[in-house]
Amino acid sequence: MALKPVKHIVLYKDRHYNSFPNIVVNKEGTFVVAFRQAPDRQGTFGLQHVDPSSRAVVATSADGETWSSEANVLYDDFFYGVQDPCLNVLADGTMFATCFMWKVAEQDDVRGDPDYDYKVYNNWLGKRVGSYTLRSADGGLTWDRPLPVDLGRLSIRGNAVELAGGSLLVPFYSESDGAKDGVSRAIVGRTDDRGVSWTRQAVIEPEQGYGLFEPNLYRTPSGKIVLFARCHKRNPQPEDGREAYPLVTAESLDDGLTWSAPVRRPLYSPSPFHPLRLRDGRVLLTYGYRFRPYGIRAVLLDAECERWAEEEEEIVREDGHGGDIGYTCAAQLHDGRILIVYYYSRQNERERYIAGTLCELANGRGGEAAT
């Protein structure tokens, strides 16, 4: 086993429904995790990932093991539910956050409006209102106002890539954009002014019969950009099993202008995949495993993410209550250990909370933290 789980921890747990975390190390060396927080409505309405009361919050840690007991608000909107906050630390230390938002309405008020296409607890209808960005100059203590991404009603759950000149490539996805045919595509947006204005750099079409969701971008040492996308077969059959939900990758050699055709990889889950560059140059790819036995898994890839035949799936844990878990993200700690963060609950636990697993590599903890 190349990756050794040594300890499971709880980063943040209260009576809310806490989910979809994303972790970075800020310019001061503090670990910051952002996540979605919403009222726990399982006892009254059931399980739902759209809530007009959801907001983006952050918790912090000096060492990645002991976390703040209170979550601070990153952004809370009066009209919209805030979804899937993701954090990026730019070369000058600025923190760049992304999220998307939902609006929920009474069915009678929006009946016939095709944009309200998501049923909420069978009582209301929801629509995606688009993606937004925020910036922090003080390591995540305070944030400016959210700016809309003016590329259409796009969703986002994934980390960006900063180019040499400071421009950002940001991964979006949409089922209701462009062709309006119900196919979810990966869309790479570019901003040269940190979210004030945008251009649509590229659209990555899925293989016929599939859709692409929640892409992550990663830049290798050679400068190649790899897109890791959660992929769903549009009409899965029982005999397809987990293979209806493969990881898909695409690559760009020209700063995101053109992309290779998506390729299915032998990893499976309807939960997004997160890449982390380790100190030794390898890439740790983590994901929630939403099949029995439910849990968290990972693979160690080579620096250029090319030798897929050599990868070996590692089981981080397999004691999850069911499929409503995952959305992993990872960071390397100051002592060289790795912290994999995700939302979770075990058997007989109702609350969803932000959890983590501390891991060591087979060749030891390592030295200074990766950058």
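**Entry 1: second largest cavity**

I looked up the lining of the second largest cavity by class and found six nonpolar, no polar and two charged residues. For the classes I took Ala, Val, Leu, Ile, Met, Phe, Trp, Tyr, Cys and Pro as nonpolar, Asp, Glu, Lys and Arg as charged, and the others, Gly among them, as polar. The model is a predicted one, in which local features need pLDDT of at least 70 and side-chain atom pairs count only at pLDDT 80 or more, while totals for chains, interfaces and linings use all residues. Residues are numbered from 1 along each chain as its sequence is written, and side-chain values use heavy atoms, with hydrogens and water left out.

The residues lining this second largest cavity are Pro206, Glu207, Tyr210, Cys231, Val248, Pro262, Val263 and Arg264. I noted a volume of about 40 Å³ for the second largest cavity. A cavity here is a set of points, on a 1 Å grid over the protein atoms alone, where a 1.4 Å probe fits but cannot get out; lining residues have an atom within 4 Å of a point. Grid points are joined across faces, edges and corners, and a volume is the space filled by probe spheres set on the points.

**Entry 2: largest cavity**

How many cavities of 30 Å³ or more does the structure hold? I recorded two. The largest cavity contains about 60 Å³ of space. It is lined by 13 residues, and Tyr17, Pro39, Arg41, Gln48 and Tyr121 are the closest to its centre. By class, I listed six nonpolar, three polar and four charged residues in the lining of the largest cavity.

**Entry 3: second largest pocket**

I then turned to the second largest pocket, with a volume of about 590 Å³. A pocket is an open set of points with protein on both sides within 12 Å along at least five of seven lines. Its lining has 26 residues, and Tyr118, Arg128, Glu175, Phe213 and Arg230 lie nearest its centre. Strand 6 (81–89), strand 7 (95–106), strand 15 (210–219) and strand 16 (225–233) are the elements that give two or more residues to this lining. Strands are DSSP runs (E, at least two residues), numbered from the N terminus. The lining of the second largest pocket has 10 nonpolar, seven polar and nine charged residues.

**Entry 4: backbone geometry**

Most residues other than glycine have a negative phi, and most peptide bonds are trans. I therefore listed the exceptions. Tyrosine 121, not a glycine, has a positive phi of about 50 degrees, and its place is in the loop between strand 8 (118–120) and strand 9 (124–136). Tyrosine 121 counts as buried because its relative accessibility is 12%; buried means under 20% relative accessible area, exposed over 50%, and partly exposed in between (1.4 Å probe, protein chains only).

Aspartate 255 also has a positive phi, of about 60 degrees, and lies in the loop between strand 17 (246–252) and strand 18 (263–268). At 28% relative accessibility, aspartate 255 counts as partly exposed.

The peptide bond from arginine 292 to proline 293 is cis, with omega near -5 degrees. I located proline 293 in the loop between strand 20 (283–289) and strand 21 (295–301).

I found four strands forming an open, antiparallel sheet in the order 1-25-24-23. Strand 1 (3–12) and strand 23 (326–332) stand at the edges with a single partner strand each, so one side of each has no neighbour in the sheet. Five bridges join strand 23 to strand 24 (338–344); two strands pair if DSSP finds at least two bridges between them. Glutamine 332 stands opposite isoleucine 338 in strand 24.
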